Amino acid sequence: MEELLLRTGFEIELLAPAGSDRQTLADELAARCAGRVRRSFHVDSEPSAVPGVGVFRHLSPAFDVVDEHGRPVARLVDDITIQRDLVPAPGHQGALGRRDWYRILCDEGRLLRLIERHTDPYAPLATVLDPVAELFGARVDMLSGAARVNDSAGATVAVAMTLPPGRERPCEIVTPPLESHHAQSLERLLGPARELGFTVPREAAVHLHVDGAPFRRAESFANVVRLFGHWREELWTALDANPDCRRVAPLTQELVDLVELPWQEAGERGVWALMRDAAQGAGVTKFADVNLKQLLTDRPVRDTLEVRILPGDLDGHSIVRRAALVEALLTRCLDPRPIPRPDRHAVRDPLGALHDLLGVRR
């Protein structure tokens with residue numbers, strides 16, 4: 001299996017060897033396609049240890065690889081779920097990491113987007129927050145390994161902090177949407193990664209993004225919820241999902257129950273509009289087995305449906321084989337016939353049960 005039918009983007013979580021980093025892979029990829037690397041910021045969030053602050057949002061070093069014509073090849077970013085392999089063994093101090101790399105932390109999403117717009121990802125830590133200080137009529141306070149901007153009331157706007165040792169090693173490869181030659185395209189990225197000693201970390205996953213528009217209809221959306229709500233056990237087994245993967249979870253029971261309501265009686269507003277509005281209050285989150293959040297907004301950040309439960313992998317052919325099963329199941333979701341619940345009294349292996357769902361003879 002080399003090809004998929006749907007336009008598909010991939011996110012592949014890897015780990016650079018000790019002493020290396022994601023920029024090393026970015027430089028190698030650029031060299032192989034006569035392209036170049038552009039440094040940028042990657043936006044992410046993490047739980048906060050500060051009382052009263054639920055989450056910190058941050059910008060971290062990212063590297064965009066483009067080919068000789070300026071077309072995107074891949075984007076290489078941090079993934080904060082990769083943690084266990086960064087802990088040094090007892091008695092081993094570990095590498096110092098990239099001491100010239102930093103991240104910018106903020107506790108408010110709108111502020112962080114403003115900060116990203118006005119800061120230079122190439123600037124050193126000591127001066128990167130200068131434009132932010134100017135915006136607020138403030139100054140940059142230099143601390144040990146950090147720079148901080150407070151507003152006139154003393155509230156902290158942003159802090160730039162030296163990257164913790166090891167955080168330069170996680171490397172999530174984010175591809176542009178691929179329309180053909182999927183396995184070959186992935187191998188152009190993963191072959192160099194293997195040669196450079198990159199590995200699959202313990203918490204790793206592969207995420208698939210397919211165009212969201214076909215699933216922004218009541219029948220197809222309901223079928224996706226049925227598939228991932230009722231068939232979770234079979235999907236996890238058939239795809240060999242990683243039990244150590246973070247930021248995945250079942251769909252909420254509220255959402256699973258919601259799609260079975262008598263939506264045909266929706267009236268003038270339309271079935272999809274009512275289902276979409278109700279689903280917004282049913283606990284839909286990005287960090288589930290399937291990310292449906294972008295289907296429920298008129299202004300999606302990335303207009304895709306994202307499947308998050310493929311295991312980490314360094315082989316493009318293996319990734320595409322698993323992606324082909326997901327693609328076939330999502331295509332079945334476009335059929336208006338409701339996806340049935342699995343019959344767990346039948347003696348079938350999980351993959352066989354999914355093939356039966358698809359009507360595939362083996």
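Is R247 buried, exposed or partly exposed? In this predicted model, R247 has a relative accessible area of 25% and is therefore partly exposed.

## Packing of helices α6 and α9

Two packed helices are described by the angle between their axes and the distance between the axes. Helix α6, formed by residues 218-230, and helix α9, formed by residues 271-279, have axes that come within 9 Å and cross at roughly 35°. On the α6 side, the contact is made by A218, F221 and A222, and on the α9 side by V271, W272, M275 and A279.

## Helix α10

Helix α10 runs over residues 316-333. Its 18 residues, at 1.5 Å a residue, should span 26 Å, and the C-alpha atoms at its ends are 25 Å apart, which agrees. The helix is mostly covered, as 13 of its 18 residues are buried.

The N-terminal end of α10 is capped by D315. A side-chain oxygen of D315 lies 3.1 Å from the backbone nitrogen of H317.

## An aromatic pair

A pair of aromatic rings is described by the distance of the centres and the angle of the planes. The structure holds 2 aromatic pairs. One of them involves F63 and W101, whose ring centres are 5.4 Å apart and whose planes stand at 35°, so the pair is tilted. The angle falls between the limits of 30 degrees for stacked and 60 for edge-to-face.

This pair links distant parts of the chain, its members being 38 residues apart. F63 belongs to strand β3 (residues 55-66), while W101 lies in the loop between β4 (72-77) and β5 (102-106). F63 has a relative accessible area of 1% and is buried. W101 is likewise buried, with a value of 0%.

R167 is located in the loop between β8 (156-162) and β9 (170-174). Its relative accessibility is 9%, so R167 counts as buried. The side chain of R167 is joined to that of D78 by a polar contact of 2.9 Å. A polar atom of the R167 side chain also lies 2.9 Å from the backbone oxygen of D79. Apart from residues up to four places away in sequence, R167 touches R22, D78, D79, I80, I82, Q83 and L86.

R7 is placed in the segment before β1 (8-15). With 36% relative accessibility, R7 counts as partly exposed. A polar contact of 3.0 Å joins its side chain to that of D211. Neighbours within four places in sequence aside, R7 is in contact with P177, L178, E179, H209, V210 and D211. The C-alpha atoms of R7 and L292 are separated by 17 Å, although these residues are 285 residues apart along the chain.

## Residues with positive phi

Most residues other than glycine have a negative phi. A34 has a positive phi, near 55°, and is not a glycine. This residue is found in the loop between α1 (22-32) and β2 (36-47). A34 is exposed, with a relative accessible area of 52%.

R247, the residue of the opening question, also has a positive phi, of about 60°, although it is not a glycine. Its place is in the loop between α7 (232-238) and α8 (253-258). The relative accessible area of R247 is 25%, which means that R247 is partly exposed.

How values were computed: Residues numbered from 1 in each chain as written. Predicted model: local features only at pLDDT ≥ 70, side-chain atom pairs only at ≥ 80, totals over all residues. Heavy atoms only, no water. Axes fitted to C-alpha atoms, helices over the stretch in contact; angles between N-to-C directions. Helix = DSSP H or I, 4+ residues; strand = E, 2+ residues; numbered from the N terminus. Contact = heavy atoms within 4.5 Å. Phe/Tyr/Trp six-rings, centres within 6.5 Å; stacked < 30°, edge-to-face > 60°. Buried < 20%, exposed > 50% of the residue type's maximum accessible area, 1.4 Å probe, protein only. Expected span 1.5 Å × (residues − 1). Polar contact = N/O pair within 3.5 Å; in protein donor to acceptor, adjacent residues only side chain to side chain.
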